[in-house]
Amino acid sequence: MNILKNNGLGSGFGWPLLALLLLSLTTFGDEASKTNPEERKPSVLITGANRGLGLELVKQYIEDDYLVYGTARKPDEADELKATGAQVVQLDVTSEESITAMAQTLEGKPLDILINNAGYFGPNKIGTKQDGIDTITRSEIELCFQVNAMGPIFVTQALMPNLRAGQQKKIINMSTRSSIISRPRSGAMGYRVSKAALNMVTSTLHGELFKQGFIVVSVAPGHNKTDMGTDRAKMTPEVTMPQLKKVIDELTRKQSSGFWYYDGKNLPW
Ligand SMILES: NC(=O)c1ccc[n+]([C@@H]2O[C@H](COP(=O)([O-])OP(=O)(O)OC[C@H]3O[C@@H](n4cnc5c(N)ncnc54)[C@H](OP(=O)(O)O)[C@@H]3O)[C@@H](O)[C@H]2O)c1
């Protein structure tokens with residue numbers, strides 16, 4: 001307190017000044033606070049960015065000189081993400097508290113692109129025996145919906161002020177060809193139905209936001225070698241994510257509400 005008084009900070013306006021100083025030290029520095037699109041870097045937030053496809057997308061956007069926010073459930077353990085130079089934000093997409101805290105951290109920072117990438121497949125790996133109608137449990141289906149469909153709704157809701165302040169106004173939902181209703185397959189009930197629901201999130205967000213200048217799409221990354229994709233996958237994130245980024249870069253308003261493969265092909269619902 002004495003130090004504050006000696007520096008003239010102990011008077012009526014001292015504490016607000018000190019709070020502002022502390023705030024500026026604890027947020028993401030100058031670049032994130034710039035609001036003039038001519039002066040600031042383009043920005044993107046990618047959920048589930050500590051590994052797999054999300055981590056590779058972070059690397060691609062960093063290489064393109066974006067201001068990148070990468071989310072992780074456990075930032076303390078997200079060493080690879082930190083090493084990219086991205087701003088690491090804690091986020092569990094199933095937690096209202098975590099989503100609110102993320103939004104507070106990003107308050108006032110314009111966001112050009114949101115990539116709802118975090119996803120959950122289920123307890124059994126791709127290519128192994130999946131739960132069928134006789135064994136699937138309610139809690140498993142609920143978790144798939146929480147992460148894959150409800151998560152993107154509430155993350156998007158929380159970031160709407162940032163996205164409205166952004167220039168590109170792109171919302172990208174990471175879906176999968178497994179959600180395509182016209183190609184029936186068995187297994188992964190929770191994953192498939194929750195990703196089909198995510199596609200409806202895309203369509204509904206488009207319905208509401210297109211008039212406000214937004215582009216909202218679902219994308220499918222192809223089968224990739226990640227924890228989720230397993231080693232059975234033939235493609236790697238290093239090959240597919242640069243192509244997916246190009247698709248996102250080149251999205252036009254006409255493509256909004258569509259479902260796009262990582263190589264730019266249009267997919268059926
Ligand atoms: N790989 C493929 O072949 C493939 C194919 C089609 C679609 N996709 C889709 O692509 C996206 C990324 O897949 P991936 O292969 O990179 O999967 P992954 O390697 O399993 O990574 C999943 C990511 O999502 C995060 N996550 C899971 N639950 C979360 C939650 N409740 N809150 C926040 N983050 C959460 C994980 O964080 P933790 O590390 O904390 O668990 C991790 O960062 C997913 O949406 C997936 O459905 C992948």
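**Around the ligand**

Reply: Happy to! Of the 27 residues around the ligand, those that come nearest are Asn-50, Arg-51, Arg-73, Tyr-191 and Thr-226 (near means a heavy atom within 4 Å). This is a predicted model, where local features need pLDDT of at least 70 and side-chain atom pairs pLDDT 80 or more, while totals for chains, interfaces and linings use all residues. Residues are numbered from 1 along each chain as its sequence is written, and side-chain values use heavy atoms, without hydrogens and water.

Oxygen atoms of the ligand lie 2.7 Å from a polar side-chain atom of Arg-51, 2.6 Å from a side-chain N or O atom of Tyr-191 and 2.5 Å from a polar side-chain atom of Thr-226.

Tyr-191 also leads us to a helix pair, as it is one of the H8 residues in the contact with H7 (contact means heavy atoms within 4.5 Å). H7 (residues 138–165) and H8 (residues 189–209) pack at about 25°, their axes 7 Å apart; the axes are lines fitted to C-alpha atoms over the stretch in contact, with angles from 0 to 180 degrees between N-to-C directions. The helices are DSSP runs (H or I, at least four residues), numbered from the N terminus. H7 and H8 are therefore roughly parallel, a label for angles under 35 degrees. On the H7 side, the contact includes Phe-145, Asn-148 and Arg-164. By class, this contact has 15 nonpolar, four polar and two charged residues, where Ala, Val, Leu, Ile, Met, Phe, Trp, Tyr, Cys and Pro count as nonpolar, Asp, Glu, Lys and Arg as charged, and the others, Gly among them, as polar.

Definitions and conventions. Helix = DSSP H or I, 4+ residues; strand = E, 2+ residues; numbered from the N terminus. Parallel < 35°, antiparallel > 145°, perpendicular 65-115°, else oblique. Polar contact = N/O pair within 3.5 Å; in protein donor to acceptor, adjacent residues only side chain to side chain.
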